[in-house]
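Please read these notes with the structure open beside them. They go through the points a new reader may want to check, one at a time.

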Amino acid sequence: MELEHYLSALLDDLKRQHRFRGLTVVEGDQGAELLHGGRRLINFSSNNYLGLANDARLKDAAIEAIERYGTGSGASRLITGSMQLHERLEAALAQFKGVEAALLFNSGYHANIGVIPLLADQGDEIFSDALNHASLIDGARLARAEVKVYRHLDTNHLATQLKASRARKKLIITDTVFSMDGDLCPLDQIISLAETHDAWVLVDEAHATGVFGETGRGVVEHFGIESRHPRLIQMGTLGKALGSFGAYICGSRSLRGALINKSRAFIYTTALPPAVAASSLAALEIIRTEPDHKARLWGHAAYFLKKLTELVRELDLGMVVAPSQSPIIPLIIGKEDKTMRISQTLFEHGIWAQGIRPPTVPEGTSRIRFTLIASHTLAHLDTCLTVLRKCLQK
Ligand SMILES: *Cc1c(COP(=O)(O)O)cnc(C)c1O
């Protein structure tokens, strides 16, 4: 078969289904406003929750690390790539999360595909929320265990599946904050089910680290769950609220040791550059000493959710604001083409709020997903609501 023929047919197919996606390039840094085509747009699509991705202290830390340690790590961690900054960051993460040990991965995607096959194998069972992130789904596929998908947030369904299971090892995997809906998993109930049914729980705190809990540890802290709970394995990322890059798995010292020895996504890849570890360390220090960024973010989220809900109710166009419990606030529109049209109109009027459609979300639930960040101003939020009103009225 001719390669070009295959590829162009594939792309044509996507275009026919209105599912073709391209890349939109940002010309400046990742702040509350983004530069594109020489125009400034207000950014409602970033996971840079605390506004740290262009913070001077993270930049300085990275520059200093480059001066001292160079740009590349040169090898994987088990060869010569394990550098002091990696170990320092892992110790700082373990302390931040209140656990014995942490291990860095090159991204959240790597972390999830790296940890799940360690915990479950042929003959074991994995219990997975229906709306879990693709990286958890792919990790479960790599594990070769049987996967049971339970209805989104439905602990009764999960309990039924656990009760029926005869597997030797049972692993529950879940996002703590669901990235396309902004809702939370009922982690307290999931943990108690794990205790009753002798299961383990892997939580993905990608959208929660730095955002949830008194000290920003995540949803585990939000629910008051013991961070050293013996059935708990925690994953978090450094590229979202922490404004840097990479991810970690944390828990016991033996978890760390097992991952170093067994996890292919850890072993067979070049270690993170030292500058990236340095900016993550700087971000952790800011989270520890400046809780006002998180407070500001939550103020924005509450304000925007309230105003958007009022607007949608007033206009009465059959759209709904998802019951968000986080700074991710989706406006569910339903049809794909309508969603993408609204998103495009917003874009033309200076608002960057991504339209999200299948396969990322279920059929008929296409949405505009607004994410708030601490570095927004109230004027940013009001401008967005005004533009959206005009857009929807048309
Ligand atoms: C973003 C995300 C990941 C992947 O993390 P990266 O560091 O971006 O690879 C994993 N899980 C969830 C829930 C995410 O939102």
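**Notes on the model**

1. D198 lies in the loop that runs between helix 8 (187-196) and strand 7. This is a predicted model. Although D198 is not a glycine, its phi is positive, at about 55°. With a relative accessibility of 43%, D198 counts as partly exposed, because that class covers values between the 20% limit for buried and the 50% limit for exposed.

2. H18 also calls for a look at its backbone. H18 is not a glycine, yet it has a positive phi of about 55°. Most residues other than glycine have a negative phi, and most peptide bonds are trans.

3. The peptide bond between P358 and P359 is cis, with omega at about 10°. P359 sits in the loop between strand 13 and strand 14 (366-371).

4. Seven strands form an open sheet in the order 3-9-8-7-6-4-5, and the pairing is mixed. Strand 3 (101-105) and strand 5 (146-150) are at the edges; each has a single partner strand, so one side of each lacks a neighbour in the sheet. From one strand to the next, the twist averages 20°.

5. Strands of a sheet pair through backbone hydrogen bonds, either parallel or antiparallel. Strand 7 (residues 200-204) pairs with strand 8 in the parallel sense, over four bridges; in that pairing V201 has L232 of strand 8 as its bridge partner. Strand 8 and strand 9 (residues 247-251) are antiparallel, again over four bridges, and G236 is partnered there by Y248 of strand 9. Towards the edge formed by strand 5, strand 4 (residues 125-129) runs parallel to strand 5 and is joined to it by five bridges. In strand 5, E146 is the bridge partner of E125.

6. Is strand 8 (residues 232-237) largely enclosed or largely open? Six of its six residues are buried, so strand 8 is largely enclosed by the rest of the structure. In a regular strand the side chains alternate between the two faces of the sheet. Both faces of strand 8 are covered: L232, Q234 and G236 are buried on one side, and I233, M235 and T237 are buried on the other.

7. Helix 12 (residues 274-289) can be checked for length. Its 16 residues should span 22 Å at 1.5 Å a residue, and the end C-alpha atoms are 23 Å apart, which agrees. Of these 16 residues, 13 are buried, so helix 12 is largely enclosed by the rest of the structure.

8. Which residues lie nearest the centre of the largest pocket? They are R21, M180, Q354, I356 and T360, out of 42 lining residues. The elements giving two or more residues to this lining are helix 6 (134-143), helix 14 (336-348) and strand 13 (355-356). Helix 14 gives the most, with five residues. The volume of the largest pocket is about 1,500 Å³. Its lining is made up of 18 nonpolar, 18 polar and six charged residues.

9. The second largest pocket has a volume of about 300 Å³. It is lined by 13 residues, and I113, P117, L142, K262 and R264 are the closest to its centre. Helix 5 (108-119), helix 6 and helix 11 (264-267) each give two or more residues to this lining. The largest share comes from helix 5, with four residues. By class, seven lining residues are nonpolar, two are polar and four are charged.

10. Last, R217. Where does R217 lie? It is in the loop between strand 7 and helix 9 (219-222). R217 has a relative accessibility of 27% and so counts as partly exposed. R217 and N54 are 163 residues apart along the chain, and their C-alpha atoms are separated by 22 Å.

Methods: Residues numbered from 1 in each chain as written. Predicted model: local features only at pLDDT ≥ 70, side-chain atom pairs only at ≥ 80, totals over all residues. Heavy atoms only, no water. Buried < 20%, exposed > 50% of the residue type's maximum accessible area, 1.4 Å probe, protein only. Pairing = 2+ DSSP bridges. 1 Å grid on protein atoms, 1.4 Å probe; cavity = no way out; pocket = protein on both sides within 12 Å on 5 of 7 lines; lining within 4 Å. Points joined across faces, edges and corners; volume = space filled by probe spheres on them. Nonpolar A, V, L, I, M, F, W, Y, C, P; charged D, E, K, R; others polar. Expected span 1.5 Å × (residues − 1). Axes fitted to C-alpha atoms, helices over the stretch in contact; angles between N-to-C directions.
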